[in-house]
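Please consult the sequence and the structure shown below. The briefing that follows is grouped by topic.

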Amino acid sequence: GIFGSSSSIEQADYISAPTQYNITSFTPPSGEYVDVEIPSSSLPNINLSGYTQFRLKAITTAGFNPSVIEFYGGESVGVEPKLILNENE
């Protein structure tokens, strides 16, 4: 479920190896949420009773104007992150 020694963001997160890597890719849509399909082989790695951490990697071109992505920790109702899993058949 987590990188490093705790679910808090810490220095050790950056050198910790993930359980799986390069599981999917997507082009960010405009809007308030991102719908990302992950392979069913990744579902056993989702911690259903605790934390699951993900890493995101962006591939950009030289001179790209950086954008901002914000994640909220759940302290403010209405802007907390949610992971919704749907099974596609």
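Asp13 is buried, since its relative accessibility is 8%; buried means under 20% relative accessible area, exposed over 50% and partly exposed in between, with a 1.4 Å probe and protein chains only. The model is a predicted one, in which local features need pLDDT of at least 70, side-chain atom pairs count only at pLDDT 80 or more, and totals for chains, interfaces and linings use all residues. Residues are numbered from 1 along each chain as its sequence is written, and side-chain values use heavy atoms, with hydrogens and water left out.

- Apart from neighbours within four places in sequence, Asp13 is in contact with Phe3, Gly4, Ser6, Ser8, Gln53 and Arg55, where contact means heavy atoms within 4.5 Å.
- The C-alpha atoms of Asp13 and Phe3 lie 4.8 Å apart, although 10 residues separate the two in sequence.
- Ser16 counts as buried because its relative accessible area is 19%.
- With neighbours within four places in sequence left aside, Ser16 is in contact with Phe3, Gly4 and Arg55.
- A polar atom of the Ser16 side chain lies 2.8 Å from the backbone oxygen of Ala12.

**Ser42 and Ile23**
- Ser42 has a relative accessibility of 3% and therefore counts as buried.
- Excluding neighbours within four places in sequence, Ser42 is in contact with Gln20 and Ile23.
- Between Ser42 and Ile23 the C-alpha distance is 7.7 Å, and the two are 19 residues apart in sequence.

**Exposed residues**
- Asn22 is exposed because its relative accessible area is 65%.
- The phi angle of Asn22 is near 50 degrees, a positive value in a residue other than glycine.
- Most residues other than glycine have a negative phi.
- Leu56 counts as exposed because its relative accessibility is 56%.
- Together with Phe26, Val34 and Val36, Leu56 forms a nonpolar patch on the surface, and the four have about 350 Å² of accessible area together.

**The protein overall**
- Of the 89 residues of the protein, 6% count as buried.
- The secondary structure comes to zero helices and zero strands, taken as DSSP runs (helices: H or I, at least four residues; strands: E, at least two).
- The accessible surface comes to about 8400 Å², and 52% of that surface belongs to carbon and sulfur atoms; the areas come from the Shrake-Rupley method with a 1.4 Å probe.
- Among contacts between residues at least 6 apart in sequence, 46% join residues at least 24 apart.

Notes
Patches are made of residues with over 30% relative accessible area and no salt bridge: like charges are joined within 9 Å, nonpolar side chains (Val, Leu, Ile, Met, Phe, Trp, Tyr) within 5 Å. A salt bridge is a side-chain nitrogen of Lys or Arg within 4 Å of a carboxyl oxygen of Asp or Glu. A polar contact is a pair of N or O atoms within 3.5 Å; within protein, one must be able to donate a hydrogen and the other to accept it, and residues adjacent in sequence count only if both atoms are side-chain atoms.
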